[in-house]
Amino acid sequence: QTANITFYPLENDPYRLRAEFSIGRFAANGYWMPRQIQVHDRVDNRRYEQQNQFGWLLYIDNPDEDLEPPSTNIENIQSEIRVQDGEHIIKVILWVWDNKSGFSSGYAQLNQDEKRQYVSSYTDYDKDTGKVTFTFTIRKYHASGNWVLRAISLRDVANNQRSYDLTNLGFELIFPISTPNPDYIKPQLDINSIRIQAVPKRPEAPDGETNVFIWYSAWDNNSGLAYANQVLLKPTGAEISQGLWKEEFSKPYWPGRPDEPKTYQVDFVLPVGSPPGTWVLRSITLNDKAGNTAFYNFTELGILRPFDVK
């Protein structure tokens, strides 16, 4: 069993880190140890330490430990499909049991291999009956063709996980789907529209803390944008990533016309101690709601967008 623990600096001492966390009564009994400790500062310089460098152990006395993951009889897997307002709603149903801590959650993906699209689902769980339901929604803009369920993952309260490879077990589920308005075209970026401005927070005594603004125009022909990410290259050669979130990105359908170009503003602050010199906008990635991805690598394109940090 594993757990990720985050430590935070003390309010009055930034060089001492502290974490508070709970280990449940069903967690594994015996010695727990960190495989790796990772520490990073505000400008994302990182140090990694392995177990052989610090040798720290924590003994947990848990007589109620649960080491057995949840199970299902995969032969009893069921599915149903219905069409509602042009969307295909697919439900995959099975029954699970767990010997001790109880079922917690499940995850699965439906894949359309030809167009490299997928939809995912977590479970709805009926504790009284042990019934688990995965619900997948194939929207109007998703790809037509065969959508395939190849694997499911189940997890209990003690964080034990069991995965079922349906292909190897001979229970692969295939759903032929015909959608009314499939989207197979990647989003588009107007490269010439990109502008960047970097403004020191304290120009009279620059210390690396900098307000950065990036503007660009982008659009999608059909389903609409769902995600955008920008990667910056530091003078040191390291990279940082900055995402863009807009309310319309999270909606299942784009409000208005998705093919109308729109100017987006990405603004963030580089922290104190950011390396001075010339930074570069290395790439922009755009995803639409159907899962089509456009990746613009400006280094490979030979189109650099530099800006200075003092």
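Reader: In S20, which residue is the bridge partner of threonine 210?

Author: This is a predicted model, in which local features need pLDDT of at least 70, side-chain atom pairs count only at pLDDT 80 or more, and totals for chains, interfaces and linings use all residues. Residues are numbered from 1 along each chain as its sequence is written, and side-chain values use heavy atoms, with hydrogens and water left out. Strands are DSSP runs (E, at least two residues) numbered from the N terminus, and two of them pair if DSSP finds at least two bridges between them. S17 (residues 210-219) and S20 pair in the antiparallel sense over nine bridges, and the partner of threonine 210 in S20 is leucine 270.

Reader: Why is one side of S16 and of S20 left without a neighbour in the sheet?

Author: The sheet is open, with three antiparallel strands in the order S16-S17-S20. Strand S16 (188-200) and strand S20 (262-270) are at the edges, so each has a single partner strand.

Reader: Are the rings of tyrosine 216 and tyrosine 264 stacked or tilted?

Author: Rings of Phe, Tyr and Trp (its six-membered ring) pair if their centres lie within 6.5 Å; planes under 30 degrees apart count as stacked, over 60 as edge-to-face and the rest as tilted. Tyrosine 216 in strand S17 and tyrosine 264 in strand S20 are 48 residues apart. Their ring centres are 6.5 Å apart and their planes stand at 50°, so the pair is tilted.

Key. Helix = DSSP H or I, 4+ residues; strand = E, 2+ residues; numbered from the N terminus.
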